[in-house]
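This briefing goes through one protein chain, from the whole chain down to single residues. Please keep the sequence and the model in view while reading.

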Amino acid sequence: MSPTSYQTAPPRGVPINITEDDGERNRRRPVATIGGVEESALVEEVGHRLARAGLRWTAGRRAVVDIFESAQAPLSMQDLQGRARVARVPLSSLYRIVGDLIGANVLVKLEFEEGFARFELVEELARHHHHLVCVECGTVEDFEGPGLPDLERAVDDAMRSIVRRHRFSVRNHRLDFFGTCAACTGP
């Protein structure tokens, strides 16, 4: 059976082509073609996580994961509702789907100051990054780029110090920068 055996098998006579693993962690790398549709490493891993949680890989869940995969920043429920409407995901199912994906460790809920929340793929399914949060308009932007490797080294040093001094086992970290975005700051 193919690496996507957690899904319903394709109809008889439909070819299943699996590409060789190139050893790189590229979440968009095709791993199989089922009935002419490319499957990605992300889709495969999400399928496994859903199966472990006792959930099926439904069309609605697939559409919501696709929305988050293509998002450039964490999404609010309002942002997600607009995109789900375009993807034809019933809004009556959207909150349940998001809850299921959080429970299956596919999405994470990010809560910031001011009481607003955003959602994004868990870090293991995406890439490590931090956030720039505008306290005026509430926009959240993923932060990557120059200086991040130096910042990560400093955070890693701090985590090692925490482990030594407090005997606290750090699993992960999240760093958010709060301020005012360019649009709110003005010219």
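In this predicted model, buried residues make up 35% of the 187 residues in the protein chain. The chain holds 6 helices and 8 strands. Their order along the sequence is β-β-β-α-α-α-α-β-β-β-β-α-β-α. Of the contacts between residues at least 6 apart in sequence, 44% join residues at least 24 apart.

**How helices are compared**

- Two packed helices are described by the angle between their axes and by the distance between those axes.

**Helices α1 and α2**

- The crossing of α1 and α2 is right-handed.
- On the α1 side, the contact is made by Leu 42, Val 43, Val 46 and Leu 50.
- On the α2 side, Arg 61, Arg 62, Val 65 and Glu 69 take part.
- Sorted by class, the residues of this contact are 5 nonpolar, no polar and 3 charged.

**Helices α2 and α4**

- From α2, the residues in the contact are Gly 60, Arg 61, Val 64 and Val 65.
- From α4, they are Leu 94, Arg 96, Ile 97, Asp 100 and Leu 101.
- By class, the contact of α2 with α4 has 5 nonpolar, 1 polar and 3 charged residues.

- Asp 176 lies in strand β8, which spans residues 176-179.
- With 16% relative accessibility, Asp 176 counts as buried, because the cut-off for buried is under 20%.
- Leaving out residues up to four places away in sequence, Asp 176 touches Phe 112, His 131 and Val 133.
- The side chain of Asp 176 also makes a polar contact with the side chain of His 131, at 2.9 Å.
- Phe 143 is 33 residues from Asp 176 in sequence, and their C-alpha atoms are 8.9 Å apart in space.
- Ser 76 sits in the loop between α2 and α3, where α3 covers residues 77-86.
- The relative accessible area of Ser 76 is 10%, so Ser 76 is buried.
- Neighbours within four places in sequence aside, Ser 76 is in contact with Ala 117 and Arg 118.

- Asn 105 has phi near 60 degrees, a positive value in a residue other than glycine.
- Asn 105 belongs to the loop between α4 and β4, the latter being residues 107-111.
- At 39% relative accessibility, Asn 105 counts as partly exposed, because this class falls between 20% and 50%.
- Arg 167 has phi near 50 degrees, again a positive value in a residue other than glycine.
- Arg 167 is in the loop between α5, residues 148-166, and β8.
- At 78% relative accessibility, Arg 167 counts as exposed, because the cut-off for exposed is over 50%.

Definitions and conventions: Residues numbered from 1 in each chain as written. Predicted model: local features only at pLDDT ≥ 70, side-chain atom pairs only at ≥ 80, totals over all residues. Heavy atoms only, no water. Left-handed = near helix turned anticlockwise from the far one by under 90°. Helix = DSSP H or I, 4+ residues; strand = E, 2+ residues; numbered from the N terminus. Contact = heavy atoms within 4.5 Å. Nonpolar A, V, L, I, M, F, W, Y, C, P; charged D, E, K, R; others polar. Buried < 20%, exposed > 50% of the residue type's maximum accessible area, 1.4 Å probe, protein only. Polar contact = N/O pair within 3.5 Å; in protein donor to acceptor, adjacent residues only side chain to side chain.
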